[in-house]
Amino acid sequence: MASSYHIRPATVDDIKTLLDLITELAVYEKSPELVKATPELMRKNIFEKGYAQALLAFEGTLENPGQALGVALYFFNYSTWTGKPGLYLEDLYVSEASRGKGLGTAFFAELGKIAQEKGCGRVDWQVLKWNTPSIEFYEKSIQAKPMEEWLGMRLEGDEQIAKLSTLGKRS
């Protein structure tokens, strides 16, 4: 990695870079077959509808960027308990060659600024239980606390969501 890097918001022109980094993340998480995102879906859902936002890190300067080094993809939610918005970090990925050089910390610093600007009451994310290097980074470097009392739940795919929409219908 070059001695300098910069982080900036992703633009529609970065879709290929976003997909490449997301695919790298999926390979790292041992699930490349689960990546269903396409350039069209990313354009529509991130850049047109605004369902999520992303930060990208590149070698070099803003004026003279080099290779992409990482991505942080996030969106906002709302906490009924705090009465404030929250920032949910969907994915954080730093390329293997760029790890251990402060980029993860720099991403969190940028996310912290965004969360403060938006008046967020919390920043949440999930990490795979086997991802010990990331867990250690989160706990030691940024003092994050595991939420052991919570269990993630999910309905996935058009069929499950369609079934959900018919629950409770009376004949």
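Student: Which pattern does the protein chain follow, read along the sequence?
Tutor: Elements come first: helices (H or I, at least four residues) and strands (E, at least two) are DSSP runs, numbered from the N terminus. Read that way, the protein chain runs β-α-α-β-β-β-α-β-α-α. That is 5 helices and 5 strands.

Student: What should I know about the source?
Tutor: This is a predicted model; local features need pLDDT of at least 70, side-chain atom pairs count only at pLDDT 80 or more, and totals for chains, interfaces and linings use all residues. Residues are numbered from 1 along each chain as its sequence is written, and side-chain values use heavy atoms, with hydrogens and water left out.

Student: What does the C-alpha trace span along its principal axes?
Tutor: About 65 × 35 × 35 Å for the protein chain.

Student: What do residues 24 or more positions apart contribute to the contacts?
Tutor: A contact means heavy atoms within 4.5 Å. Among contacts in the protein chain with a separation of 6 or more, residues 24 or more positions apart account for 58%.

Student: Is Leu 56 buried or exposed?
Tutor: Leu 56 lies in strand S2, residues 53–60. Its relative accessibility is 0%, so Leu 56 counts as buried. Leaving out residues up to four places away in sequence, Leu 56 touches a list that includes His 6, Ile 7, Leu 18, Leu 21, Val 71 and Phe 107.

Student: How far apart in space are Leu 56 and Gly 168?
Tutor: Their C-alpha atoms are 43 Å apart, and 112 residues separate them in sequence.

Student: How do H1 and H2 pack?
Tutor: Start from the axes: they are lines fitted to C-alpha atoms, for helices over the stretch in contact, and angles run from 0 to 180 degrees between N-to-C directions. Under 35 degrees counts as roughly parallel, over 145 as roughly antiparallel, 65 to 115 as roughly perpendicular and the rest as oblique. H1 (residues 15–28) and H2 (residues 39–48) pack at about 105 degrees, with axes 10 Å apart. H1 and H2 are therefore roughly perpendicular to each other.

Student: Which residues of H1 and H2 meet?
Tutor: Ile 15, Leu 18, Leu 19 and Ile 22 of H1 meet Pro 39, Met 42, Arg 43 and Phe 47 of H2. The contact of H1 with H2 divides into 7 nonpolar, no polar and 1 charged. The classes are these: Ala, Val, Leu, Ile, Met, Phe, Trp, Tyr, Cys and Pro are nonpolar, Asp, Glu, Lys and Arg are charged, and the others, Gly among them, are polar.

Student: What is in contact with Ile 46?
Tutor: Ile 46 lies in helix H2. Neighbours within four places aside, Ile 46 is in contact with Leu 41, Tyr 51, Ala 52 and Leu 73. At 11% relative accessibility, Ile 46 counts as buried.

Student: How many aromatic pairs does the structure hold?
Tutor: A pair of aromatic rings is described by the distance of the centres and the angle of the planes. Rings of Phe, Tyr and Trp (its six-membered ring) pair if their centres lie within 6.5 Å; planes under 30 degrees apart are stacked, over 60 edge-to-face and the rest tilted. The structure holds 8 such pairs. For Tyr 74 and Phe 76, the centres are 5.8 Å apart and the planes are at 85 degrees, so the pair is edge-to-face. Tyr 74 is buried at 3% relative accessibility, while Phe 76 is partly exposed at 29%.

Student: Which residues form one aromatic cluster?
Tutor: Phe 108, Trp 125, Phe 137 and Tyr 138.

Student: Where does Lys 30 lie relative to Trp 130?
Tutor: A charge sits over a ring if NZ of Lys or CZ of Arg is within 6 Å of the ring centre and within 35 degrees of the ring normal. Lys 30 lies over the face of Trp 130, at 3.9 Å from the ring centre. Arg 99 lies over the face of Tyr 28, at 4.6 Å.

Student: What is the phi of Lys 30?
Tutor: About 65 degrees, positive although Lys 30 is not a glycine. Lys 30 is found in the loop between H1 and H2 and is exposed at 60% relative accessibility.

Key
Buried means under 20% relative accessible area, exposed over 50%, partly exposed in between (1.4 Å probe, protein chains only).
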